[in-house]
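Reader: I'm new to this one. Can you walk me through it?
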Amino acid sequence: MKIEYEDTFVKVAGLIGGPDYVRVARALLNNENATDEEIASATGLKIKTVRKSLYDLFGRSLITGVRVRDPKRGWFVYRWKAQRDQTDGFIQTQRKKVLNRLKQRLDYEETHEFYFCGTPTCLTRTFEDAMENFFKCPTCGKALNRLDNAELKNSLLWKIKQLEEELVK
């Protein structure tokens, strides 16, 4: 049975790290200011897995941690709290990164000519690579033919436009 995630914070955690992150994120939402051990106990995960998830989410500014002294043991422990208000900002930042990468790829596709021999296991070559190899595939020896990348460029343009519209909203 597929579980529907109702909270954006849990969805983002799941996309970052998978099912273990989802369990940690849910535990954080159910128990604010929980320690590593409390989260491990609530989720049934190993403490090492919980800490890895927490440090990763902390590094992405999706949770905060406050260092406090444990009154029983005298050790310092971290109390973790989800920053649900940061989730939308995180998503926007990721969209901008993807948009930037897509624009770079489109620029690369528009400024280069590509050649391909037709064998699925062989690489696509740029004009410079093809010319160095006398328009013969260095892997299989077949002739390299010009590859029309118009469909790829159209797909990139479509996705760029879609992301730009989402960023304006």
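Author: One term to begin with: buried means under 20% relative accessible area, exposed over 50%, and partly exposed in between (1.4 Å probe, protein chains only). This is a predicted model, where local features need pLDDT of at least 70, side-chain atom pairs count only at pLDDT 80 or more, and totals for chains, interfaces and linings use all residues. Residues are numbered from 1 along each chain as its sequence is written, and side-chain values use heavy atoms, with hydrogens and water left out.

Reader: Which residues are buried in helix α3?
Author: D36, I39, A40 and T43, in a helix that spans residues 36-43. Helices here are DSSP runs (H or I, at least four residues), and strands are too (E, at least two), numbered from the N terminus.

Reader: Why do the buried residues of α3 line one face?
Author: Seen down the axis of α3, they fall within an arc of 100°, so they line one face of the helix. The arc is that of the directions from the helix axis to the C-beta atoms.

Reader: What is on the face turned away?
Author: S41 and A42, both exposed.

Reader: And what covers the buried residues of α3?
Author: The cover includes α2 (19-30), α4 (47-59) and β2 (76-82).

Reader: What follows α3?
Author: G44, with a positive phi near 80°.

Reader: New topic. Is T126 buried or exposed?
Author: T126 counts as buried, at 12% relative accessibility. T126 sits in strand β4 (residues 125-126).

Reader: What is T126 in contact with?
Author: Leaving aside neighbours within four places in sequence, T126 is in contact with Y108, H112, E113, F114 and Y115. Contact means heavy atoms within 4.5 Å.
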